[in-house]
Amino acid sequence: NGKELEPEMSVELANIQEGDVLHVDPKSKKVTIVMPDGTKKVIEMKPDDKLVDVLPGVEWSRNTVRKSNGKELEPEMSVELANIQEGDVLHVDPKSKKVTIVMPDGTKKVIEMKPDDKLVDVLPGVEWSRNTVRKSNGKELEP
């Protein structure tokens, strides 16, 4: 039933029956957190901890937290519900990125983009048929 057993319990009081399977789990799990700037922190979490309470420096309104497999986690999830295991790596990613657009006339505008935004939708005033858009490294982007 998942009930935690106490070390001083008798076998009878713990209601251990023939054929029962006893699971030994660590009381806490060490997890690596990778912040948006690439810094890594190792923290310990208990199964009943809520993620919002144990992830240091995460602004949930501005960031998403995901496991290495890409699964996005919610702030109110417990460590157990999120199925976080010893040694897992959690990635903190901004929900949006601020970028500067330099228009042909030299004017600059700072906008926010979300990872799933389409360039054609978030680059206001760009006539894709008449202009190319490229990153500072010279790589041309497609709408």
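In the predicted model, the largest nonpolar core comprises 18 residues, and those with the most contacts inside this core are Ile33, Met45, Leu51, Leu55, Ile84 and Leu90. At least two residues of the core are supplied by each of strand 1, strand 2 (40–45), helix 1 (51–54) and strand 5. Apart from this core lies another one, of eight residues, including Ile101, Val122, Leu123 and Val133.

Ile84 is located in the loop between strand 4 (72–73) and strand 5 (89–94). The relative accessible area of Ile84 is 0%, and the residue is therefore classed as buried, the limit being under 20%. When neighbours within four places in sequence are left aside, Ile84 is in contact with Lys29, Val31, Met45, Leu51, Lys67, Leu73, Val79 and Leu90. Under the same exclusion of neighbours within four places in sequence, the contacts of Leu90 are Val31, Thr32, Ile33, Val34, Met45, Leu55, Val65, Arg66, Lys67, Leu73 and Ile84.

The strands are arranged in an open sheet of five, in the order 2-1-5-3-4, with mixed pairing. Strand 2 and strand 4 are the edge strands, each of them pairing on one side only. In general, the strands of a sheet pair through backbone hydrogen bonds, in either the parallel or the antiparallel sense. Strand 1 and strand 2 run antiparallel and are joined by six bridges; within this pairing, Val31 has Ile43 of strand 2 as its bridge partner. The hairpin of these two strands has five residues between the strands, and Gly38 in this hairpin takes a positive phi near 95°. Strand 1 also pairs with strand 5, in the parallel sense and over three bridges. In this second pairing, His91 of strand 5 is the bridge partner of Val34, while Thr32 stands opposite Val89 of strand 5. Strand 1 is mostly covered, with five of its six residues buried.

Charged side chains were examined next. Side chains of opposite charge can pair when their charged atoms come close. The count of salt bridges in the model comes to four. One of them joins the side chains of Glu76 and Lys50, with an N to O distance of 3.2 Å. This pair links distant parts of the chain, 26 residues apart: Glu76 belongs to the loop between strand 4 and strand 5, and Lys50 to the loop between strand 2 and helix 1. Lys50 has a relative accessibility of 38% and therefore counts as partly exposed.

A further salt bridge is formed by the side chains of Arg66 and Asp93, at 2.7 Å from N to O. Here too, distant parts of the chain are linked, since Arg66 is in strand 3 (residues 63–67) and Asp93 is in strand 5, 27 residues apart. The two partners have relative accessibilities of 28% for Arg66 and 24% for Asp93. Arg66 is therefore partly exposed, and Asp93 is likewise counted as partly exposed.

In the salt bridge between Glu127 and Arg130, the closest N and O atoms are 3.6 Å apart. Glu127 counts as partly exposed because its relative accessibility is 41%, whereas Arg130, with a relative accessible area of 65%, is exposed.

Leu5, Val11, Ile16 and Leu22 make a nonpolar surface patch of about 340 Å². Leu5 is placed in the segment before strand 1 (29–34). With a relative accessible area of 36%, Leu5 is partly exposed, in contrast to Ile84, which is buried at 0%.

Note on methods: Residues are numbered from 1 along each chain as its sequence is written. This is a predicted model: local features need pLDDT of at least 70, side-chain atom pairs count only at pLDDT 80 or more; totals for chains, interfaces and linings use all residues. Side-chain values use heavy atoms; hydrogens and water are left out. Helices (H or I, at least four residues) and strands (E, at least two) are DSSP runs, numbered from the N terminus. Buried means under 20% relative accessible area, exposed over 50%, partly exposed in between (1.4 Å probe, protein chains only). Contact means heavy atoms within 4.5 Å. Patches are made of residues with over 30% relative accessible area and no salt bridge: like charges are joined within 9 Å, nonpolar side chains (Val, Leu, Ile, Met, Phe, Trp, Tyr) within 5 Å. Accessible areas come from the Shrake-Rupley method with a 1.4 Å probe; for residues, only the protein chains shown count as cover. A nonpolar core is a set of buried Ala, Val, Leu, Ile, Met, Phe, Trp, Tyr and Cys residues joined through side-chain atoms within 4.5 Å. Two strands pair if DSSP finds at least two bridges between them.
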